[in-house]
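Student: Could you take a close look at one part of this model for me, the way its helices pack against one another? I would like the setting first, and the details after that.

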Amino acid sequence: MSLAQMQKIRLVGHDTERERVLTTLQGLGVVQISDLTSKNEQFLSGFRPKPPPTNQIESKLADLRYALDFLARYDTEKKGFIQGFFNLKELIRPEEIERIARAYDYRALCQRVRDLDQESIALQAERAQLEARRAELLPWRELSLPLEKLRSTQTTALILGRLPQESLSRFQQAIQGQLAEIVLLPGEDKTTNYFYAFVLKDSEAAFERVLAEHGGERLPDLPQEARGLPKEILSQIERRLSEIDARRQQLSQQATALLAEKPKLQALYDYLYNEYLKAQAQARLLGSPHTFVLEGWVRQSDFERLQ
């Protein structure tokens with residue numbers, strides 16, 4: 001394969017034409033602009049780098065990217081083969097893109113997206129916490145004592161545990177004489193017994209050892225702030241989970257409604273990204289108070305088109 005012949009170019013122009021020249025070159029897409037900021041030539045001694053600020057553009061691009069990524073989660077429309085292959089966007093005329101860039105209130109939409117996303121994340125976190133609490137309480141659903149009554153005292157330790165059904169009789173015989181009172185709880189699991197026991201603190205370690213020897217385990221203590229009957233608490237949890245699911249469904253519908261704005265967001269993102277690329281290109285140029293100088297490379301076959 002033969003290498004394409006390249007032609008070096010250098011443009012010097014009035015500074016008022018800098019933006020137009022870069023826009024034209026960007027549209028042609030045939031020039032690779034060189035970085036002049038590190039060059040040391042006599043001709044360039046009177047020119048200095050004049051990099052434009054890009055912080056605002058980068059901030060806008062970040063906001064738009066966040067909004068587009070968020071909306072993509074709710075965009076379930078099936079694309080046709082051609083559209084999916086080429087990732088085609090809804091066509092918007094250049095003058096319409098210019099109008100969107102000038103007048104579109106994307107900030108309000110981006111803020112709305114952030115509000116929806118943050119509320120959704122908060123609800124998801126709350127749901128995970130409630131599910132964990134529900135799993136923690138389910139074994140004690142049939143407990144007839146309020147949870148605030150199940151607390152260790154100065155002389156006794158409350159132990160929550162579970163034990164295989166097949167080991168129950170042997171375990172009960174093994175702990176006789178340790179002054180432990182075991183209360184078994186009814187449940188749907190016929191292979192495992194859940195229980196709570198009040199054990200003298202002097203016998204706590206021995207009780208745990210015997211429990212482990214019979215295939216059982218001590219379960220974590222219930223939260224100190226837990227109050228009321230487990231069955232009532234579980235009912236409250238179920239109600240709150242239903243409320244969370246309903247609210248998340250509302251948020252999903254509101255996010256789906258915002259998909260109508262997606263073409264404008266994409267158009268604005270592309271417009272600003274092109275502006276960002278132009279700013280990067282400008283950072284490679286040198287300038288004086290009234291002129292600029294640009295240097296780059298173009299294929300020999302494209303040189304006539306560039307002229």
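Tutor: The accessible surface of the protein chain comes to about 19400 Å², and 50% of that belongs to carbon and sulfur atoms; such areas come from the Shrake-Rupley method with a 1.4 Å probe, and for residues only the protein chains shown count as cover. Please keep in mind that this is a predicted model, in which local features need pLDDT of at least 70 and side-chain atom pairs count only at pLDDT 80 or more, while totals for chains, interfaces and linings use all residues. Residues are numbered from 1 along each chain as its sequence is written, and side-chain values use heavy atoms, with hydrogens and water left out.

Of the 307 residues in the protein chain, 34% count as buried (buried means under 20% relative accessible area, exposed over 50%, partly exposed in between, with a 1.4 Å probe and protein chains only). Among contacts with a separation of 6 or more, 87% come from residues 24 or more positions apart, where contact means heavy atoms within 4.5 Å. The protein chain has 10 helices and nine strands; these are DSSP runs numbered from the N terminus, with helices (H or I) of at least four residues and strands (E) of at least two.

Now to the packing itself. Two packed helices are described by the angle between their axes and the distance between the axes. Axes are lines fitted to C-alpha atoms, for helices over the stretch in contact, and angles run from 0 to 180 degrees between N-to-C directions.

Let us start with helix H2 (residues 55-72), which packs against helix H5 (residues 106-137) at about 50°, with the axes 9 Å apart. That angle makes H2 oblique to H5 (under 35 degrees counts as roughly parallel, over 145 as roughly antiparallel, 65 to 115 as roughly perpendicular and the rest as oblique). The crossing of H2 and H5 is left-handed, meaning that the near helix is turned anticlockwise from the far one by less than a right angle; clockwise would be right-handed. On the H2 side, the contact includes Lys-60, Asp-63 and Phe-70, and on the H5 side Tyr-106, Arg-107 and Asp-117 are among the residues involved. By class, the contact of H2 with H5 has eight nonpolar, no polar and five charged residues; Ala, Val, Leu, Ile, Met, Phe, Trp, Tyr, Cys and Pro count as nonpolar, Asp, Glu, Lys and Arg as charged, and the others, Gly among them, as polar.

H2 also packs against helix H9 (residues 262-282), at an angle of about 150° and with axes 10 Å apart. That makes H2 roughly antiparallel to H9, and H2 passes H9 in a left-handed crossing. Lys-60, Leu-64 and Ala-67 are among the H2 residues in this contact, with Leu-265, Tyr-269 and Tyr-276 among those of H9. The contact of H2 with H9 divides into 12 nonpolar, one polar and five charged residues. Lys-60, Leu-64 and Ala-67 of H2 also take part in the contact with H5.

H5 has a further partner in helix H8 (230-257): the axes of H5 and H8 come within 10 Å and cross at roughly 155°. That makes H5 roughly antiparallel to H8, and the crossing is left-handed. The contact of H5 with H8 has 11 nonpolar, three polar and 12 charged residues.
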